[in-house]
Amino acid sequence: MNNLRFENNTLYLLDQSLLPQEEVYITPKTKEDYYFAIKNLQVRGAPAIGIAAAFAMALVDEDKEELKKYLDSARPTAVNLSWATKRMLAAYKDGKDLIEEAKAIYDEDVEMCRKISEYGLSLLKDGYGILTHCNAGELATSRYGTGLGPLLLGKEKGYNFHVYTDETRPLLQGARLTSYELEKAGIDVTLICDSMASTVMKEGKINAVLVGADRIASNGDTANKIGTNTVAILANYYSIPFYVLAPTSSVDFSIEGGDDITIEERESEEIKEMFFKTPSALKETKCFNPAFDVTDSSLITAIITEKGIIRKPFKENLEKLK
């Protein structure tokens, strides 16, 4: 599934806000176009955001330092965004070809996802029941993905999994994107509401939980799609392995723990109006809509990166990634 492609000096992005009903590619030109695409989830997933921002730094003719600051503000929790713009700014100052640098970031992401998928697949067995939360497949990256990567790679290798995917309110990314990707890949998938995760675990249908992460603190706390911490608590209660899959570029060594992660709060309309023909609550009803929550490292079985499987103690072992 090709969600980003660069042709004829133009970046094409699959507009994920229209999925699964429409498959439409957009071609951002201005810095405002890229900001809108990132902010409004036309492109989403930490690695994919980083790739899009890299091409924005290469293609938009603006002051590069100001452009970096502007793009970074679109999704402050996704550390891959600022990682990519920082790398592109350094390349600009070094006089490098920025388009080639952006292509390199894309190619490196493909290889990174393949390695994460291989390490993740080594922890799974044919026939496993898998629970996923949010979307961390090819739509969120360049290829394979992080959280979904082992499933997509496993399908290529002849594994058969049964996947239960949480819908993930309020953006329904599990419903609109994850189930869409898995259906397209021919993987057996069942869509469930977020509140049903405990039931499928209790009934013995889940052998492992796979999730992506937008940011990882140096102690192993992770920022994931809202609701992931609840899933981690449930998995811990039912003694089910809970795996976080993410590139090393998502590890932010500048922050000690989850309390230091800035959590993006989004508009109340996403809860009350998005995907509804009529509002689901009164206009005056207040909403609290954080995009992420922090999963405590004590609940995580392992963090899987392109450099290997990281187990506890996370602070000590993540430090070795440097």
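This is a predicted model: local features need pLDDT of at least 70, side-chain atom pairs count only at pLDDT 80 or more; totals for chains, interfaces and linings use all residues.
Let's start with the helices. Two packed helices are described by the angle between their axes and the distance between the axes. Take helix α2, residues 46-59, and helix α5, residues 98-121. Their axes come within 8 Å and cross at roughly 170°. An angle over 145 degrees counts as roughly antiparallel. So α2 and α5 are roughly antiparallel to each other.

Which residues of α2 and α5 make the contact? From α2, we have P47, I51, A54, F55, M57, A58 and L59. From α5, we have L98, I99, A102, K103, I105, Y106, D109 and M112. By class, that contact has 13 nonpolar residues, 2 charged ones and no polar ones.

Now step back along the chain. L41 sits in the loop between α1, residues 31-39, and α2. Is L41 buried or exposed? Its relative accessibility is 9%. Buried means under 20%, so L41 counts as buried. Look at what L41 touches beyond its neighbours within four places in sequence. The list is Q16, S17, F36, R75, L171, Q173 and R266. Pick out L171. It is 130 residues from L41 in sequence. In space, their C-alpha atoms are 9.6 Å apart.

Next, the empty space. Rolling a probe the size of a water molecule over the atoms shows where empty space is left. How many cavities of 30 Å³ or more does the structure hold? There is 1. The largest cavity has about 320 Å³ of space. It is lined by 31 residues, and R44, C134, Q173, D214 and F292 are the closest to its centre. Helix α2 returns here. Along with β7 (208-212) and β9 (222-225), α2 gives two or more residues to that lining. The lining divides into 15 nonpolar, 10 polar and 6 charged residues.

On to the pockets. The largest pocket has about 250 Å³ of space. Its lining has 14 residues, with S17, N40, R176, M274 and F275 nearest the centre. Of the lining residues, 6 are nonpolar, 3 polar and 5 charged.

Which element gives the most to its lining? That is α4, with 5 residues. Strand β11 (251-252) also gives two or more. Other lining residues include K68, R215 and F253. By class, we count 4 nonpolar, 1 polar and 5 charged.

Terms used. Residues are numbered from 1 along each chain as its sequence is written. Side-chain values use heavy atoms; hydrogens and water are left out. Axes are lines fitted to C-alpha atoms, for helices over the stretch in contact, and angles run from 0 to 180 degrees between N-to-C directions. Helices (H or I, at least four residues) and strands (E, at least two) are DSSP runs, numbered from the N terminus. Angles under 35 degrees count as roughly parallel, over 145 as roughly antiparallel, 65 to 115 as roughly perpendicular and the rest as oblique. Contact means heavy atoms within 4.5 Å. Ala, Val, Leu, Ile, Met, Phe, Trp, Tyr, Cys and Pro count as nonpolar, Asp, Glu, Lys and Arg as charged, and the others, Gly among them, as polar. On a 1 Å grid over the protein atoms alone, a cavity is a set of points where a 1.4 Å probe fits but cannot get out, and a pocket is an open set with protein on both sides within 12 Å along at least five of seven lines; lining residues have an atom within 4 Å of a point. Grid points are joined across faces, edges and corners, and a volume is the space filled by probe spheres set on the points. Buried means under 20% relative accessible area, exposed over 50%, partly exposed in between (1.4 Å probe, protein chains only).
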